[in-house]
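Look at the structure below and keep the sequence at hand. The paragraphs that follow go through a few places in it, one after another.

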Amino acid sequence: MDTFAALAHGMAVAVQPMNLLYALIGVFLGTAVGVLPGIGPALTVALLLPVTYKLDPGGSLIMFAGIYYGGMYGGSTTAILINTPGESASMATALEGNKMAKAGRGGPALATSAIGSFVAGTIATIGLAFLAPWLVDFAVRFGPEDYFALMCVAFVTVSATFGDSPVRGLTSLFIGLTLGLVGIDKLTGQARLAFGIPELLDGVEVTTLAVGLFAVGEALYVASRRHHTEEKLEPVRGSLWMTKEDWKRSWKPWLRGTMFGFPIGALPAGGAEIPTFLSYSTEKRLTKHPEEFGKGAIEGVAGPEAANNASAAGTLVPLLTLGLPTSATAAMMLAGFQQYGLNPGPLLFAERPDLVWGLIASLFIANCMLLVLNLPLVGLWVRLLAIPQPWLYAGILVFATMGTIAAKPSVVELSMLAGFGVLGFLMRRFDFPIAPVVVGLILGPIAESQLRRALAISLGDPMTLVQSPISATLLAVALIALLAPFVLKGLGRFKANED
């Protein structure tokens, strides 16, 4: 009953006129950026971090969550119409969705995608509301050594999951951890890696790093790719609505996709890509129309899109209850929390229940808004694809620079923005994942303080890190997650040599 009461209180917060406006702005922006290839919700949240610096924390976080949900919706539009997923999680949708569009059934493909996203998002948000308090009760028992072990799990899983190479992921993480050392050491009061620059004594601003890596780096990378194939836009022909047969073939994949997306999204190494492809392969096995797969089967759109949106709610479970980001957008939302001096975790549920439950309740409202926006405004989203890329990315660069100046007017800050932009470009160019850098900067100082606190309590005994059953289990999980990719790669090579 406590959850129902908390959710009712959160709904009262979420339906306040300003919060409704923030939610509407968020879902509109999220859908728009999800439609535009290459511009995901993580980049949008990064751009808005400096702009929302002085706004209400609750409203800003509701807007960020709306952008996250909207980005998941919008990514399917480009996947279906031009075979270019706006988000990596929409890759499975493109397999059947684009074939449906070419066969003149783009309307039903977009409809099953939007309705499936609504169904999955609603069920997964209910799951978030009921699972979060249980996890909070468990996390309250954590000591400093347990939190340090949890941070190690986050570091390893984030590094191993983002990108194709675990070594590159770990390299990105260590860049972030090094940046997290910049500034005054809170224990000794000594300056670290500040190089005599006063502006660095407060440390590297998360917003500057995020905007530089995501926005400026992406703009430079797109500008560097002069020769790229022109995508052919597939027009939406006929009715947008689904036939009775389409409904019959879609509702079970929606539910199965939700069952894949939410639990896997909630895992530290889950993400959205795994459940979407699991859903696609499951629908391919279970379908009564196997001849349609590869030619435009509606189940191949309905299932993965439901899994995609359910995983978005799933990633908010570890973010809100433990402060662990499991996706690039979740990492940016964590930066948003820290911008307002808030640390997601069990204490946040006790200290700011209005903010947390208002955010969870707003997800129900965002889902309804997205359904209303997506079906009637498909024509508008398609027109967005006609915006020339030079205009689009020039606007992003201007917005990024102005936002950074507004948040912290300083020559040093602008120089750092440019430097991080070049770093982001180089990382994209050489296929290094960017999210681990942000995660390292945010969670590195927290992990350091928890480790030092645990060692201080135990009078410097390092064995304290494995004496607690929770920390020992988490460190074992981190070690397995670190070694597993290398072991699997070695086994793959061994098998290839044998063959």
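Begin with helix α2, which covers residues 17-35 and contains Met-18. The model shown here is a predicted one. Met-18 has a relative accessible area of 48%, and because exposed would require over 50%, Met-18 is called partly exposed. Together with Leu-21, Leu-24, Ile-25 and Leu-29, Met-18 makes up a nonpolar patch on the surface. The accessible area of these residues together is about 400 Å².

Now turn to helix α1, made of residues 2-14, where Thr-3 is located. Is Thr-3 buried or exposed? Its relative accessibility is 14%, and the limit for buried is under 20%, so Thr-3 counts as buried. Which residues does Thr-3 touch, leaving out those up to four places away in sequence? They are Ala-129, Phe-130, Pro-133 and Trp-357. Take Pro-133 as an example: 130 residues separate Thr-3 and Pro-133 in sequence, yet their C-alpha atoms are 7.5 Å apart in space.

The next topic is aromatic rings. How many aromatic pairs does a search of the whole structure find? The search finds four. One of these pairs consists of Phe-142 and Tyr-147, with ring centres 5.5 Å apart. The planes of these two rings meet at 70°, and since an angle over 60 degrees counts as edge-to-face, this pair is edge-to-face. Both partners are on the buried side of the limit: Phe-142 has a relative accessible area of 11%, and Tyr-147 is at 18% relative accessibility.

Trp-247 and Trp-254 also pair, and here the ring centres lie 5.7 Å apart. Their planes are at 85°, so this pair too is edge-to-face. How exposed are the two residues? Trp-247 counts as partly exposed, at 32% relative accessibility, whereas Trp-254 is buried, with a relative accessible area of 4%.

Note on methods:
Residues numbered from 1 in each chain as written. Predicted model: local features only at pLDDT ≥ 70, side-chain atom pairs only at ≥ 80, totals over all residues. Heavy atoms only, no water. Helix = DSSP H or I, 4+ residues; strand = E, 2+ residues; numbered from the N terminus. Buried < 20%, exposed > 50% of the residue type's maximum accessible area, 1.4 Å probe, protein only. Contact = heavy atoms within 4.5 Å. Patch = residues over 30% accessible without salt bridge, like charges linked within 9 Å, V, L, I, M, F, W, Y side chains within 5 Å. Areas by Shrake-Rupley, 256 points an atom, 1.4 Å probe, with all protein chains shown as cover. Salt bridge = Lys/Arg side-chain N within 4 Å of Asp/Glu carboxyl O. Phe/Tyr/Trp six-rings, centres within 6.5 Å; stacked < 30°, edge-to-face > 60°.
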